[in-house]
Amino acid sequence: LFPNILTDDLLGSLAFAPARLHGDGPLTTAVIFSPLTSMFIHASWLHLIINVTTMMAFGAGLEKAIGGRRLLLLYFASGLAGVLLHTLIYPDMTVPMIGASGAVSGLFGGVLMLMYDRGLMGEGYKKLLPFVFIWVLMSAFFGFYGVPGTDNPIAWTVHIGGFIGGLLLYRPIVRLNMR
């Protein structure tokens, strides 16, 4: 949206690269906040549209069920969980990572937990396993083989980490008193 304002240097400081956390460069404010700021930057209009559409699909019903504040907390916490898994798997990666896919994946995890808690998925956690398996498999597939029509790599670890974060953080966040 802002090609004259967002220079390569500014984009680089807003994006997240795990190696910057422990590399030779200084630990600046931009590096510290890049796990959050990277969620607001997207590689293309298609990337943005996919994330916004998916966020609306998963977030609309979830927001009605748990409220806006809890939804935002789940969203950002899941995004950070995605960044954490990405960092654990690729600690020395210097390629910048951008996008809200980890946070959006966490909303899907939250929706699954909401459905499970409301009895819409039957009894036992085994009913969740096919969804977990499919999401992890899809994320890994697109991470390794890419998305048709784009040359940008997919941070599959962020998708999986955000999704797992959404599954694990949903209940603690729902229990929070957020008045």
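The largest cavity of this predicted model is lined by P35, S38, M39, G79, V83, M97, G99, A100, S101, G102, A103 and V158, where a cavity is a set of points on a 1 Å grid over the protein atoms alone at which a 1.4 Å probe fits but cannot get out, and lining residues have an atom within 4 Å of a point. The lining divides into 7 nonpolar, 5 polar and no charged residues, with Ala, Val, Leu, Ile, Met, Phe, Trp, Tyr, Cys and Pro counted as nonpolar, Asp, Glu, Lys and Arg as charged, and the others, Gly among them, as polar. About 40 Å³ of space lies inside this cavity, a volume being the space filled by probe spheres set on the grid points, which are joined across faces, edges and corners. A search of the whole structure finds 1 cavity of 30 Å³ or more.

Residues are numbered from 1 along each chain as its sequence is written. Local features need pLDDT of at least 70 and side-chain atom pairs count only at pLDDT 80 or more, whereas totals for chains, interfaces and linings use all residues, and side-chain values use heavy atoms, with hydrogens and water left out.

The largest pocket, an open set of points with protein on both sides within 12 Å along at least five of seven lines, has a volume of about 1000 Å³. Of the 40 residues that line this pocket, H47, P153, I154, A155 and H159 are the closest to its centre. At least two lining residues come from each of α1 (8-14), α4 (45-66), α6, α7 (129-145) and α8 (156-175), and α4 gives the most, with 6 residues. By class, the pocket lining holds 23 nonpolar, 17 polar and no charged residues.

Turning to individual residues, F144 is found in helix α7 and is exposed, because its relative accessible area of 55% lies over the 50% that the term requires, while buried means under 20% and partly exposed in between (1.4 Å probe, protein chains only). M178, placed in the segment after α8, is partly exposed, with a relative accessible area of 27%. M178 and G67 are 111 residues apart in sequence and 9.3 Å apart in space, C-alpha to C-alpha.

Methods:
Helix = DSSP H or I, 4+ residues; strand = E, 2+ residues; numbered from the N terminus.
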